Number of protein chains: 2
Amino acid sequence: MFITNPQIEEYLKSLPKEKDPILEEMENLGHKLNFPIVDKLVGRFLYLITKLKNPQLIVEVGSGFGYSAYWFAKALNKGKVVLTEYREENINLAKKFFERGNLIDKADFRLGDGIEIASEYKNIDILFLDLEKRRYKEAIEKLLPNLSSNALIIADNVLWHGKVVEEEIDNQTKAIKEFNEFMFSLPNFFSVMIPLRDGVLVSLKE
Amino acid sequence: MFITNPQIEEYLKSLPKEKDPILEEMENLGHKLNFPIVDKLVGRFLYLITKLKNPQLIVEVGSGFGYSAYWFAKALNKGKVVLTEYREENINLAKKFFERGNLIDKADFRLGDGIEIASEYKNIDILFLDLEKRRYKEAIEKLLPNLSSNALIIADNVLWHGKVVEEEIDNQTKAIKEFNEFMFSLPNFFSVMIPLRDGVLVSLKE
């Protein structure tokens with residue numbers, strides 16, 4: 001089961017010419033550790049969306065070692081990105097990458113439960129979800145009051161390896177499907193799902 | 001050859017709940033006439049991008065009977081969208097749809113060569129390309145001076161039914177591939193290709 005034709009995906013990956021040695025190092029680390037990162041195509045998409053949105057505050061729920069946050073930080077004009085992560089070794093790795101990339105002043109690094117930490121912030125302009133798939137809906141329900149008036153919610157893995165269209169589905173897939181239906185029914189939000197890599201949901205508060 | 005797994009594409013189409021009777025009528029007309037429109041998924045993506053960009057001036061090069069322009073107009077706050085089309089019956093159809101949807105004040109309808117007409121405008125915030133595929137690059141080369149400082153270029157059909165990855169390619173496919181390479185090499189532009197329907201290129205002037 002694939003989402004995008006693999007040949008097309010290769011073509012998409014072949015087009016960008018810009019090189020960022022730190023992002024490449026992070027990509028290599030992700031592949032080496034088999035650690036799920038959003039990867040280049042989604043990273044570039046996040047960068048574009050952030051440039052258009054020009055946010056003051058981005059909060060990530062689930063940052064890993066900081067790959068998506070690095071793209072967000074690169075796109076920030078003013079403002080900052082808050083990384084949350086429950087594994088100390090990941091957050092320390094992220095800090096080092098941000099230091100080397102001169103992006104450390106654009107980021108806060110927080111260790112602990114992403115939803116709990118995110119709920120400390122008000123007026124979140126971009127809320128990025130990349131936590132346990134079973135907790136996506138919980139994250140939105142808890143954090144809706146913390147969003148700014150034209151906030152964006154961006155969620156990764158919403159096509160869940162294509163399992164959302166399979167007949168027999170596990171609990172994680174069920175949770176993702178419920179989350180997707182929930183987001184597309186949420187009053188005052190306009191949602192678009194992009195079939196980049198594992199699926200990205202973008203929901204704009206109107 | 002498909003770009004996105006057809007089951008996934010069906011899933012993506014099943015999610016949105018909003019109904020717009022005029023857009024549905026336009027979609028039905030497109031399917032009935034076998035007239036290439038960007039269709040719902042790309043239309044929604046254009047709406048999202050336009051909401052984020054908040055442009056004053058959108059110029060379309062190649063409008064058909066106005067389906068993509070209708071999504072642009074719906075998303076406009078202030079500002080307007082210029083439709084260009086060389087077939088009078090299409091531009092008249094577009095006018096009628098916009099009148100019925102109360103969007104007529106947000107649009108200019110221009111009959112003639114899209115590139116020529118677009119070159120009359122300055123400070124274009126979003127330039128949308130959906131003309132003959134062999135003329136995409138020509139359009140950019142002529143219209144770069146007419147773009148505003150943070151303009152977006154959006155081009156449809158950049159994966160051209162997936163033909164961009166085939167070994168033996170026709171002249172149209174060759175032209176699209178050259179255009180894609182050109183856009184990803186264009187100084188001061190950051191480009192992202194989205195595998196929605198037939199492929200959408202979004203390039204941001206930085």
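**Ground rules.** This is a predicted model, in which local features need pLDDT of at least 70 and side-chain atom pairs count only at pLDDT 80 or more, while totals for chains, interfaces and linings use all residues. Residues are numbered from 1 along each chain as its sequence is written, chains are lettered from A and ligands numbered from 1 in the order in which they are written, and side-chain values use heavy atoms, with hydrogens and water left out. Helices (H or I, at least four residues) and strands (E, at least two) are DSSP runs, numbered from the N terminus.

**Exercise 1. Describe helix 5 of chain A and its buried side.**

Solution. 
- Step 1: take the length. Helix 5 spans residues 88-100 of chain A, 13 residues in total. From first C-alpha to last it reaches 19 Å, close to the 18 Å expected at 1.5 Å a residue. The expected span is 1.5 Å times one less than the number of residues.
- Step 2: list the buried residues. They are A:Asn90, A:Ile91, A:Ala94, A:Phe97 and A:Phe98. Buried means under 20% relative accessible area, exposed over 50%, and partly exposed in between (1.4 Å probe, protein chains only).
- Step 3: look down the axis. The buried residues of helix 5 of chain A fall within an arc of 120 degrees, so they line one face of the helix. The arc is that of the directions from the helix axis to the C-beta atoms.
- Step 4: turn to the face away from the buried side. That face of helix 5 of chain A carries the exposed residues A:Glu89 and A:Lys96.
- Step 5: find the cover. Helix 2 (21-33), helix 4 (67-75), strand 2 (80-85) and strand 3 (107-111) of chain A are included in what covers the buried residues. Contact means heavy atoms within 4.5 Å.

**Exercise 2. Apply the arc test to helix 8 and helix 1 of chain A.**

Solution. 
- Step 1: helix 8 (residues 171-185) of chain A has 15 residues. Its reach is 21 Å, close to the 21 Å expected.
- Step 2: buried in helix 8 of chain A are A:Thr173, A:Ala175, A:Ile176, A:Phe179, A:Asn180, A:Met183 and A:Phe184. Their arc is within 165 degrees, so they line one face of helix 8 of chain A.
- Step 3: in helix 1 (residues 6-14) of chain A, the buried residues are A:Ile8, A:Glu9, A:Tyr11 and A:Leu12. They cover an arc of only 160 degrees, which puts them on the same side of helix 1 of chain A.
- Step 4: check what covers helix 1 of chain A. The cover includes helix 3 of chain A, together with helix 8 and strand 6 of chain B.

**Exercise 3. Characterise the contact of helix 7 with helix 8 in chain B.**

Solution. 
- Step 1: The axes of helix 7 (residues 136-143) and helix 8 (residues 171-185) of chain B come within 8 Å and cross at roughly 35 degrees. Axes are lines fitted to C-alpha atoms, for helices over the stretch in contact, and angles run from 0 to 180 degrees between N-to-C directions.
- Step 2: name the residues. B:Tyr136, B:Lys137, B:Ile140 and B:Glu141 in helix 7 of chain B meet B:Ile176, B:Phe179, B:Phe182 and B:Met183 in helix 8 of chain B.
- Step 3: sort by class. The contact has 6 nonpolar, no polar and 2 charged residues. Ala, Val, Leu, Ile, Met, Phe, Trp, Tyr, Cys and Pro count as nonpolar, Asp, Glu, Lys and Arg as charged, and the others, Gly among them, as polar.
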